[in-house]
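Thanks for making time this morning; I would like to walk you through one structure, going from the whole assembly down to single residues. Please have the sequence and the model open as I go.

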Protein chains: 2
Amino acid sequence: MPGETEAMPQLFHRPFCPLSRFIRLALGEYGVDVELVEERPWDRREAFLLMNPAATLPVYIEDDGLTVPGAGVVAEYLDETLGPSLCERRLLPEAAADRIEVRRLCSWFLDKFYAEVSGPLVGEKIDKRMMTFAQGGGPPDMMAIRAAKANIKYHLQYIGWLLRDRNWLAGDRLTYADVAAAAQLSSADYLGDVPWHEDEAAKQWYAKMKSRPSFRPILADAMAGMPPAPYYANLDF
Amino acid sequence: MPGETEAMPQLFHRPFCPLSRFIRLALGEYGVDVELVEERPWDRREAFLLMNPAATLPVYIEDDGLTVPGAGVVAEYLDETLGPSLCERRLLPEAAADRIEVRRLCSWFLDKFYAEVSGPLVGEKIDKRMMTFAQGGGPPDMMAIRAAKANIKYHLQYIGWLLRDRNWLAGDRLTYADVAAAAQLSSADYLGDVPWHEDEAAKQWYAKMKSRPSFRPILADAMAGMPPAPYYANLDF
């Protein structure tokens, strides 16, 4: 209600951080409203380091103050607390083999894709602009960007390969695997660095993800001085 | 029984891989006997890539053939299937806040410590000796080793800081956090690269970990041409 302050969960994040986006999308799928608080981890703000000594994003603060640091930890926490209420739409399905496959693919996208593609792209093209020299700022490392742009091709092919006999990345329904992959790709896509022509199946799947209500806030993100690629928010790209 | 083959779970691992050691120790704590199979991921053996396309270690194969790839995924799987049977000794305790803290520290040691310390040390000093030039082998990168040896100091201090008002790293009992940290340290300790004199509390805690039965096979590991640091298997070091 306007004028009243109701305790609402908070998410310390950065708008183009692919790991933050994973949790923003997941919260959207769970239907959890959250207050977004932008945090620049390289400032090493003391109150932030107390929440998460590893200084990684995102950090989720439950409305009772419980602090949940890091994308993977938040995802498990949300599944344990909210997952069962989603029943058939649970993002981490109940069968043991399904949980293994979803977690395997989450690690693929949150660890491997992030290390090889989205981390370097966002780090070099966006974060470095905001850092002082002492914080690691400066001109982008073109070698790192070139490597990331080469790596993204085989990740798109892998997505396409998974979709050859699956409707969604981990099987026959939407899971954390799709949310993790789409979050990672969305940051690279803002920068115009996803060669969608490389894989038609991956492109179709991403169009489906983009049209979900949970994606709307992500598509509305914009950065002064660095507009998105022209098709970024376009559902028919 | 000798002569008979009973289906037994398998663990594809490398003896000095800190992530493999995490799961070996965890299986020891759960009391699960496992057949250890040494895998050199850089050989990119096709059958191994089918088990785990990300080519990371370890990979756990359940006695019914179910494949569980990657340390984090295995840890969650073991907790879900075996955790409840341990009751009070569950390595991932049941209360939400405890699970968050254990998973936070697991990420600290399996991701951060591994990236900053144990991964570079084992990679440069051990793995590179076994790789061909094309696989990335060659002389160790002394800069990387020096950085890892500098980084380990603040990790030891962090362990000491945690132990100021805790008996174990995540609280008042043994959890995955201790197992993850001890596994990481054990690989560095084989190489003689843990400056135990830096933190007495961390040293006492590690002595306690080392004396657990689950640690025995780890302390018996040895590599031809590279003997362990003299105190490696010594419970009073």
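This is a predicted model: local features need pLDDT of at least 70, side-chain atom pairs count only at pLDDT 80 or more; totals for chains, interfaces and linings use all residues.

**How the two copies meet**

Let me begin with the interface: 100% of the interface residues of chain A are also interface residues in chain B, so the two copies meet through the same surface. As for the symmetry, chain A can be laid on chain B with an RMSD of 0.0 Å, by a turn of 180 degrees with a shift of 0.0 Å along the axis. That is the relation of a two-fold axis.

Next, the annotated domains, which I take from the record. UniProt, in an unreviewed entry, lists "domain: GST N-terminal" for residues 7–86 of chain A. Over residues 7–86 of chain A, the chain is 39% helix and 18% strand, and the end C-alpha atoms stand 23 Å apart. The annotation "domain: GST C-terminal", again from an unreviewed UniProt entry, covers residues 95–231 of chain A. Over residues 95–231 of chain A, we have 64% helix and 0% strand, with 38 Å between the end C-alpha atoms.

Now to a pocket. Which residues lie nearest the centre of the second largest pocket? They are Leu49(A) and Pro53(A) from one chain, with Arg104(B), Tyr158(B) and Trp161(B) from the other, out of 24 residues that line this pocket. Looking at the elements that give two or more residues to this lining, chain A brings helix H2 (46–51) and strand S4 (67–69), while chain B brings helix H4 (96–130) and helix H5 (142–162). Among the contributors, H4(B) gives the most, with six residues. The space in the second largest pocket comes to about 550 Å³, and its lining divides into 15 nonpolar residues, one polar residue and eight charged residues.

Let me turn to the backbone, where a few places deserve a careful look. In chain A, a cis peptide bond joins Leu57(A) and Pro58(A), with omega at about -10 degrees, and Pro58(A) has its place in the loop between H2 and strand S3 (59–61) of that chain. In chain B, a cis peptide bond joins Leu57(B) and Pro58(B), where omega is about -10 degrees, and Pro58(B) is found in the loop between helix H2 (46–51) and strand S3 (59–61) of chain B.

The loop between H2 and S3 of chain A also holds Ala55(A), which has a positive phi of about 60 degrees although it is not a glycine. Is Ala55(A) buried or exposed? With a relative accessible area of 12%, Ala55(A) is buried. Over in chain B, Arg44(B) likewise is not a glycine and has a positive phi, of about 50 degrees; Arg44(B) sits in the loop between strand S2 (35–38) and H2 of chain B, and with a relative accessible area of 52% it is exposed.

I will finish with one residue in a helix, Ser187(B), which is found in helix H6 (residues 176–190) of chain B. Ser187(B) counts as buried because its relative accessibility is 1%, and the cut-off for buried is under 20%. What is Ser187(B) in contact with, once its neighbours within four places in sequence are left aside? The partners are Phe16(B), Cys17(B), Pro18(B), Arg21(B) and Val122(B).

Notes: Residues are numbered from 1 along each chain as its sequence is written. Chains are lettered from A and ligands numbered from 1 in the order in which they are written. Side-chain values use heavy atoms; hydrogens and water are left out. Copies are superposed by least squares on the C-alpha atoms of residues with pLDDT of at least 70 in both. Contact means heavy atoms within 4.5 Å. On a 1 Å grid over the protein atoms alone, a cavity is a set of points where a 1.4 Å probe fits but cannot get out, and a pocket is an open set with protein on both sides within 12 Å along at least five of seven lines; lining residues have an atom within 4 Å of a point. Grid points are joined across faces, edges and corners, and a volume is the space filled by probe spheres set on the points. Helices (H or I, at least four residues) and strands (E, at least two) are DSSP runs, numbered from the N terminus. Ala, Val, Leu, Ile, Met, Phe, Trp, Tyr, Cys and Pro count as nonpolar, Asp, Glu, Lys and Arg as charged, and the others, Gly among them, as polar. UniProt positions are given in the numbering used here, feature names are shortened, and annotations may be inferred rather than shown by experiment. Buried means under 20% relative accessible area, exposed over 50%, partly exposed in between (1.4 Å probe, protein chains only).
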